[in-house]
Amino acid sequence: TNTTWDSNSKGGFAAIVDAGYQFNEYFSAEAGWIYLTPPKSSLTTQVTGAYHLHDGSTWTLYFGGKIQAPIYDDQTFIFGKLAAAYNHNSFKSSYYTGNTSSDSDISSNYWSPLFAAGVQRYFSPNLSANIQYTFIPAYTDSGSTTSADHDFNVPQSHILTVGVGYKFLM
């Protein structure tokens, strides 16, 4: 068996969009969406066949809490997040052998915790910048009905982002 990773085998670009409500200087509630670039690969077996994963989709919706505390002045904060996350992963697979081909969709939808930590700097009462590390644990669906021969495994996600925030003052 020979596996060739066409792209994103060790990561790729991620996008995070979130919105929330800040109860006071220290506590907030947040909801957000994370898009991860899925890996693409081709697997060649000893039996003159190739199995391809392509057209993947990986995203997470989350809702949780954020706690923050000032570390330098009243403008620089460290923060932590704990959230419930709904994760979706899907890949369209194609199998080729000789002149025969077949397509199938492989997917998983599951709930998991989401953890994040970072530093946020306010430049004005409305405008801030942050750097954030987000972690989503691994997942294995051992009872998967979408793949007859294999479990559906999703590796853990380590996401490092730099962001800009805008706070609407009430």
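Helices (H or I, at least four residues) and strands (E, at least two) are DSSP runs, numbered from the N terminus. I worked from a predicted model, in which local features need pLDDT of at least 70 and side-chain atom pairs count only at pLDDT 80 or more, while totals for chains, interfaces and linings use all residues. Residues are numbered from 1 along each chain as its sequence is written, and side-chain values use heavy atoms, without hydrogens and water.

**Confidence.** I looked up pLDDT, the predictor's confidence in each residue from 0 to 100. The protein chain has a mean of 81, and 73% of its residues reach 70 or more. Where pLDDT is low, the predicted coordinates should not be read in detail.

**Thr76.** I located Thr76 in strand β6 (residues 76-97). Is Thr76 buried or exposed? Thr76 is buried, at 12% relative accessibility (buried is under 20% relative accessible area, exposed over 50%, partly exposed in between; 1.4 Å probe, protein chains only). I found its contacts (heavy atoms within 4.5 Å) to include Ala69, Ile71 and Val119, beyond four places in sequence.

**Aromatic rings.** I searched the whole structure and noted eight aromatic pairs (Phe, Tyr and Trp rings, the six-membered one for Trp, with centres within 6.5 Å; planes under 30 degrees apart are stacked, over 60 edge-to-face, the rest tilted). Tyr21 and Phe23 are edge-to-face, at 5.1 Å centre to centre and 70° between the planes. Phe115 and Phe135 are stacked, at 6.4 Å and 25°. Phe115 lies in strand β7 (residues 100-122) and Phe135 in strand β8, so this pair ties together parts 20 residues apart in sequence.
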